[in-house]
Amino acid sequence: MSIRLFTPDAQTRVEWYQKKASTTFTFNDLVYIDGDGFLIKAVDGSAITPLGLIQKTIAATDSDYASATKVPVLVPGPDAEFLCDVSTGTAAQTDVGEWIDIDDHNSVDVGASTYDIFFVTRFISTTQVVAKMAKKSGAVVG
């Protein structure tokens, strides 16, 4: 399961952020900045502002695993869309125009809208939707 860039926009770019030490990541994990200023994997059950998708895999055996090194993150512009795998709930056409939450760092929950992390723009199948990522204001910019 994953969340991946579906349609980039002119403002989509790669930026470098300091990752939390001793944390594993998989390429394209949804990430955000924690209260200490470090990049971590997005988690369900918290009011986060997603930053983007990490563009590097970090394993516990990597030389930089225990360090807070900078890593590349794909940061979307306001009109970028993501293809999201649904791990909780069953996606339907009626989800278009609705806010949904994440289930974890690589999937969404179409049955919840407590934190409004993604705004659904297209229905693909019962297991996939296309959505825009929320911004700091709590709404999609653009």
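**Exercise 1. Find which residues cysteine 84 touches, leaving out those up to four places away in sequence.**

Solution. Start with the ground rules: this is a predicted model, in which local features need pLDDT of at least 70 and side-chain atom pairs count only at pLDDT 80 or more, while totals for chains, interfaces and linings use all residues. Residues are numbered from 1 along each chain as its sequence is written, and side-chain values use heavy atoms, with hydrogens and water left out.

Step 1: apply the contact criterion, heavy atoms within 4.5 Å. Step 2: read off the partners of cysteine 84, which are Ser2, Ile3, Val108, Phe118, Thr127, Gln128, Val129 and Ala131.

**Exercise 2. Decide whether glutamine 128 is buried or exposed.**

Solution. Step 1: locate glutamine 128 in strand E11, residues 128-133. Step 2: its relative accessibility is 18%, so it counts as buried. Step 3: beyond its neighbours within four places in sequence, glutamine 128 contacts Arg4, Leu83, Cys84, Asp85, Val86, Ala91 and Phe123.

**Exercise 3. Work out which strands stand at the edges of the five-stranded open sheet.**

Solution. Step 1: write the order, E2-E6-E5-E3-E4, with antiparallel pairing; two strands pair if DSSP finds at least two bridges between them. Step 2: E2 (13-18) and E4 (39-41) each have a single partner strand, so one side of each lacks a neighbour in the sheet. Step 3: look inside the sheet, where E5 (residues 52-54) and E6 (residues 70-75) pair over two bridges, with isoleucine 54 opposite valine 73.

**Exercise 4. Identify the side chain that asparagine 28 joins by a polar contact of 3.0 Å.**

Solution. Step 1: find asparagine 28 in the loop between E2 and E3. Step 2: look for a pair of N or O atoms within 3.5 Å; within protein, one must be able to donate a hydrogen and the other to accept it, and residues adjacent in sequence count only if both atoms are side-chain atoms. Step 3: the partner is glutamine 55.

Notes
Helix = DSSP H or I, 4+ residues; strand = E, 2+ residues; numbered from the N terminus. Buried < 20%, exposed > 50% of the residue type's maximum accessible area, 1.4 Å probe, protein only.
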